[in-house]
Amino acid sequence: MTNWIKTDLAAIDRDGELHVAAYRLDGTLRTSRIVWHVVVDDALYIRSVRGTEGAWYRGVQRTGAGVIDAGGVHAEVEFTHDDTRDDAIDAAYRDKYGTGSAVHAITSEQARATTLRVDPR
């Protein structure tokens with residue numbers, strides 16, 4: 001795992017939306033999708049609101065690599081399933097995005113099953 005540059009991670013965190021695109025097996029990029037993201041303990045996390053059925057999530061699972069764009073930061077990244085901080089991630093989603101129905105969905109058991117740590121390559 002490579003650590004984020006603190007200024008890059010702060011810029012990503014300030015942004016409300018993160019664009020994520022996974023690499024295909026042939027090395028080309030899939031279409032970018034917008035996801036919500038949070039930072040917990042200096043690590044970046046994302047989830048699929050549609051759980052394991054989310055198209056972007058399925059793409060990420062195939063190669064484990066892709067690119068993200070948020071806060072003016074474009075980065076090559078690796079995606080790793082990481083459920084070790086799910087409660088803190090739920091709290092971070094509520095702090096960042098509120099307590100509405102969309103946050104209820106991103107903190108559901110279905111979404112929690114897809115928690116990914118996003119690390120720079």
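A residue counts as buried when its relative accessible area is under 20%, and as exposed when that value is over 50%. Keep in mind that this is a predicted model.

**Exercise 1. Decide whether Arg117 is buried or exposed, and find its charged and polar partners.**

Step 1: Find the residue. Arg117 sits in strand β7, residues 116-120.

Step 2: Apply the cut-off. Arg117 has a relative accessibility of 14%, so it counts as buried.

Step 3: Look for partners. The side chains of Arg117 and Asp82 are joined by a polar contact of 3.0 Å. Arg117 also forms a salt bridge with Asp119, with 2.8 Å between the closest N and O atoms.

**Exercise 2. Show which residues of helix α1 are buried, which are exposed on its other side, and what the buried ones pack against.**

Step 1: Collect the buried residues. In α1 (residues 6-14) these are Leu9, Ala11 and Ile12. They cover an arc of only 160° around the axis, which puts them on the same side of the helix.

Step 2: Recall the helix geometry. An α-helix has 3.6 residues a turn, so residues three or four places apart point the same way.

Step 3: Turn to the other side of α1. Lys6, Thr7 and Arg14 are exposed there.

Step 4: Find the packing partners. The buried residues of α1 pack against β1 (18-22), β3 (37-40), β4, β5 (65-70), β6 (73-81) and α3 (86-97).

Step 5: Follow the exposed Lys6. Lys6 forms a salt bridge with Asp42, with 3.5 Å between the closest N and O atoms. Because Lys6 lies in α1 and Asp42 in the loop between β3 and β4, the pair ties together parts 36 residues apart in sequence. Lys6 has a relative accessible area of 61%, so it is exposed. At 54% relative accessibility, Asp42 counts as exposed as well.

**Exercise 3. Describe how strand β4 pairs with β3 and β7, and where its side chains point.**

Step 1: Start with β3. The two strands are antiparallel and pair over four bridges, and Val39 has Leu44 in β4 as its bridge partner.

Step 2: Look at the connection. β3 and β4 make a hairpin with two residues between them, and Asp41 in the turn has a positive phi of about 50°.

Step 3: Move to β7. Three bridges join this antiparallel strand to β4, and Leu44 has Val118 in β7 as its bridge partner.

Step 4: Sort the side chains. In a regular strand the side chains alternate between the two faces of the sheet. Ala43 and Tyr45 point one way from β4, Leu44 and Ile46 point the other way, and all are buried.

**Exercise 4. Locate the largest nonpolar core and say which element gives it the largest share.**

Step 1: Take its size and centre of contacts. The core has 21 residues, and Trp4, Leu18, Ile46 and Ile68 have the most contacts inside it.

Step 2: Name the contributors. α1, β1, β4, α2, β5, β6 and β7 each give two or more residues. The largest share, four residues, comes from β6.

Step 3: Compare with the other core. A second, separate core of eleven residues includes Val38, Val40, Ile89 and Ala92.

Technical notes:
Residues numbered from 1 in each chain as written. Predicted model: local features only at pLDDT ≥ 70, side-chain atom pairs only at ≥ 80, totals over all residues. Heavy atoms only, no water. Buried < 20%, exposed > 50% of the residue type's maximum accessible area, 1.4 Å probe, protein only. Arc of directions from axis to C-beta. Contact = heavy atoms within 4.5 Å. Polar contact = N/O pair within 3.5 Å; in protein donor to acceptor, adjacent residues only side chain to side chain. Core = buried A, V, L, I, M, F, W, Y, C linked by side-chain atoms within 4.5 Å. Salt bridge = Lys/Arg side-chain N within 4 Å of Asp/Glu carboxyl O. Pairing = 2+ DSSP bridges.
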